[in-house]
Structure formats: C-alpha cells, structure tokens
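Please open the model in a viewer and keep the sequence panel at hand. The stops below are given in the order in which they may be selected.

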Amino acid sequence: MLWIAFLTAFTQVGGLIWILTLMLCKFRNLKKTIAFPILYLVFNLIIIPPIAEYFGRVQLPVFKENLKPRNLFYPLLFRNYVVPELNKLLIESSQNLVNDNIKIVYLDANFPFFDGFPLLPHRSHNDGKKIDICFIYKTKNGKITDEKPALSGYGVYVKDKYSSQSCIKKGYWQYDFTKYLTLGKINDLDFDTTSTKKLILTFISKKETQKIFIEPYLKQNLGLINYNKIRFHGCNAVRHDDHIHLQVK
Ligand SMILES: [Zn+2]
C-alpha cells in the first residue's frame, strides 16, 4: 500500500501500473520485477499520452533540440504534461529564441490527469497551466550553453547568501528547501543575465502568459521592474532564484 501511495504521489499513474502488474502476475507466471518496468514503459510511452490528450493535456517534447526536459526523469515520471495552450506557447517561444542560441529547458510541469491533483512538492502545479523553466547559463569562457549547474535543475541559486535575509528569517523554513534537491551540482557555470532576460521577455510577450515568478532581487537586477506579469510568489513557496515559474491563463 505504501509503495502504491509513493508511486501515485510521485508519478500519478505509477500506482495504477503497479496494481495492474500484480494482477497480471497473478494470472500469468511472470516476475514482478520484470513485468513492472515493461508495463511502466508501455504506459509511459504509448498508452497515457493519447488518453491525457483526450482529457485536455499534452506531453511536452522530450527530444526536441530547442525545447527539452532537464533530464529524462521528468517525462519518465509523467511530470511533463501541460494544457495545449502552454505547449504552443513554449514551442513558439523556442522558435523565437533560435537566433539567440537560447534553448528552453524545462523542469516540473504537471501530471497527465485531473485538475487539483498536485505535483509534489509544488503546491500549484495541479491544472496543466504551470511549468518551471531553467535559467540560461554560460561556461567559464563566456559561451552560452544548455547545460545547468544542478543535475535536477533545482537548488543552485544565483545568489547563495540571499535566503538568510528574506523569508527564512521570518520563519518560513521550507523557503530554501530546494537546496537539498539538486541531485548533485555537476557543472560550474555562470548565470547568463542577458539570455535569461531575453527568455523571460519572450514569455511575457505572449498573450497567454498570466504570470511569472522569480525572486524580487532578480527582477530588479535583470531590469524587469516595469513588468507586472512578473510577481513575487510569497514566502509560503520556495525561492525562485534557481528557476523560472511560468503559468498561463
Ligand atoms: Zn513552479
């Protein structure tokens, strides 16, 4: 039961796939450890995408050069589903940014089904309209790259010392919790101010964009103070100086 709850919390449909595996193995003489990964992949790649589309969510591109997940963990755990409007916005934005050599790398989006089913640990990624996007970085030689400092894409902040001055001081302990979720700092890169600003401005230029969350000091440092679509997410969330949160209307 615990395993089913765990799979459901982190992949939404994984728990159901486990139940199907148990049923299948009861009727046929199969090993669960072999049947489950096969069944899981079949559901992930073939069965779930068309059903989710029928219910109004599409899977984001996985192997597109200009729009891709930080790693395969996101599509494999069913965490890259969005409403068609957000999919279109991201594809268009990625095309707009080709000449700037900027590639959109996404993190957690939403699960395939049901409005109100949260994609943990995010509170608001529950309706297909939200997605987290990586900042743009450059190498130590100043060359733009689509690599990111953290393996997961979360938890490496632009300004390391910032947290102690803000929500943490007010007692919101979870505010820099993402520092534990890097899964390893694997690349030593510099934050690319110019390209990240271009990326955010491209999102802002789309009429479907409702709001964007980044840390207030970044909004100021990037010269985006006049854009009211860029908001502060509040101390109940986690800090947003390691990624951009984008949501559509
Ligand atoms: Zn988010």
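The tour goes from the domains to a helix and then to the strands.

The model is predicted: local features need pLDDT of at least 70, side-chain atom pairs count only at pLDDT 80 or more, and totals for chains, interfaces and linings use all residues. Residues are numbered from 1 along each chain as its sequence is written.

**Stop 1: the two domains**

Colour residues 1–54 as domain 1 and residues 61–248 as domain 2; such bounds come from an automatic or database domain assignment. The C-alpha centres of domain 1 and domain 2 lie 29 Å apart. Where they touch, 8 residues of domain 1 are in contact with 9 residues of domain 2 (contact: C-beta atoms, placed from the backbone, within 7 Å). On the domain 1 side, α1 (2–11) and α3 are the elements that give two or more residues. Helices (H or I, at least four residues) and strands (E, at least two) are DSSP runs, numbered from the N terminus. By class, this side of domain 1 has 5 nonpolar, 3 polar and no charged residues (nonpolar: Ala, Val, Leu, Ile, Met, Phe, Trp, Tyr, Cys and Pro; charged: Asp, Glu, Lys and Arg; polar: the others, Gly among them).

**Stop 2: helix α3**

Select residues 32–54, helix α3. Where does helix α3 bend? The bend, of about 45°, is at Ile48, and Pro49 follows within four residues (bend: the angle between axes fitted to the seven residues ending at a residue and the seven starting there). Show the side chains of Phe36, Tyr40, Ile48 and Ala52, which are buried (20 or more other C-beta atoms within 10 Å of the residue's own; exposed means 12 or fewer, partly exposed in between; C-beta atoms are placed from the backbone). The buried residues of α3 pack against α2 (14–27), β1 (58–59) and β3 (81–82). Just after α3, Gly56 has a positive phi of about 100°.

**Stop 3: strand β11 and its partners**

Move to β11, residues 243–248, where 5 of the 6 residues are buried. Strand β5 (residues 130–134) pairs with β11 in the antiparallel sense over 5 bridges (pairing: at least two bridges found by DSSP). Asp132 stands opposite His245 in β11. Strand β9 (residues 209–213) is also antiparallel to β11, joined by 4 bridges, and Thr209 faces Val248.

**Stop 4: a three-stranded sheet**

Finally, select the open sheet with the order β7-β6-β8 and antiparallel pairing. Its edge strands, β7 (144–145) and β8 (190–191), each pair on one side only. Strand β6 (residues 137–138) is joined to β8 by 2 bridges, with Tyr137 opposite Phe191.

Notes
Contact = placed C-beta atoms within 7 Å.
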